[in-house]
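Subject: A structure for you to look at

Hi there,

Here is the structure I promised to pass on. Please open it first, and then read my notes below.

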Amino acid sequence: MTDYTGIARLLSDRPTDAVSLDWLKKAHDAQLTLCTALEEIADSLPTNINRQKCIYAAKSLIPLINGIHRYEEEALFPMLETRGPDDRELADSIARLKFEHVEDECFAEELTDTLNRLGSGDGTVNAEAAGYMLRGFFESIRRHIAFEQQFMLRGAGHAS
């Protein structure tokens, strides 16, 4: 699993003056690695929970998701909009992704709480609900990344 310091380093190295599709690819890879960890946590429920992995994921989740979303909204999307100012499909896709960002960020906050509770050994966590929540989140993130790589990044001149 990508360690928290690696995520912090990735976010601190975020380009501020230009769009870096290489940076975004690394960020997507970090998200996908986190999704794999979340899937492992979901698979471990209810009896084989790796508490350290839960705490690690909880600590990484919000900074990673929010950091990547800010980059996309402040750098990538505006660059794409200037390349296709009259492209309705592009505008609709960007609007869709921005909406998904809001949903993902709200979901990440709830999931972080659940992961912290699992990591602290809180026996009142409903394992079935936690598993459902984890799977819903990582599946949504994987779909979001696949869409970005297939359509958005190709439009920015970068084959996935």
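Let me start with a question: is Glu105 buried or exposed? Glu105 is buried, with a relative accessible area of 15%. Here buried means under 20% relative accessible area, exposed means over 50%, and partly exposed lies in between, with a 1.4 Å probe and protein chains only.

Before the rest, a word on where the values come from. This is a predicted model, in which local features need pLDDT of at least 70 and side-chain atom pairs count only at pLDDT 80 or more, while totals for chains, interfaces and linings use all residues. Residues are numbered from 1 along each chain as its sequence is written, and side-chain values use heavy atoms, with hydrogens and water left out.

**The overall fold**

The protein chain has 5 helices and 0 strands, and its pattern along the sequence reads α-α-α-α-α. Helices (H or I, at least four residues) and strands (E, at least two) are DSSP runs, numbered from the N terminus. The radius of gyration of the protein chain is 17 Å, close to the 15 Å from the globule rule for 160 residues, so the chain is as compact as a globular protein of that length. That radius is taken over C-alpha atoms, and the globule rule is 2.2 Å times the number of residues to the power 0.38. Along its principal axes, the C-alpha trace spans about 55 × 30 × 20 Å. Of the 160 residues, 44% count as buried.

**Salt bridges**

Side chains of opposite charge can pair when their charged atoms come close. I used this rule: a side-chain nitrogen of Lys or Arg within 4 Å of a carboxyl oxygen of Asp or Glu. The count comes to 10 salt bridges, and three of them are worth a visit.

Glu105 pairs with Arg70, with the closest N and O atoms 3.2 Å apart. Arg70 counts as partly exposed, at 28% relative accessibility.

Arg135 pairs with Asp43, and here the closest N and O atoms are 2.5 Å apart. This pair links distant parts of the chain, 92 residues apart: Arg135 is in helix α5 (residues 127-155) and Asp43 in helix α2 (residues 21-44). Arg135 is partly exposed, with a relative accessible area of 28%, whereas Asp43 counts as exposed at 52%.

Arg96 pairs with Glu100 at 2.8 Å between the closest N and O atoms. Both lie in helix α4, 4 residues apart, about one turn of the helix. Arg96 is partly exposed at 39%, while Glu100 counts as buried at 16%. Elsewhere, salt bridges that share partners join Arg70, Glu73 and Glu105 into one network.

**How α3 meets α4**

α3 and α4 pack at an angle of about 165°, with their axes 9 Å apart. Axes are lines fitted to C-alpha atoms, for helices over the stretch in contact, and angles run from 0 to 180 degrees between N-to-C directions.

**A cis bond**

Finally, look at the peptide bond from Leu45 to Pro46, which is cis, with omega near 5°. Pro46 lies in the loop between α2 and α3.

Best wishes
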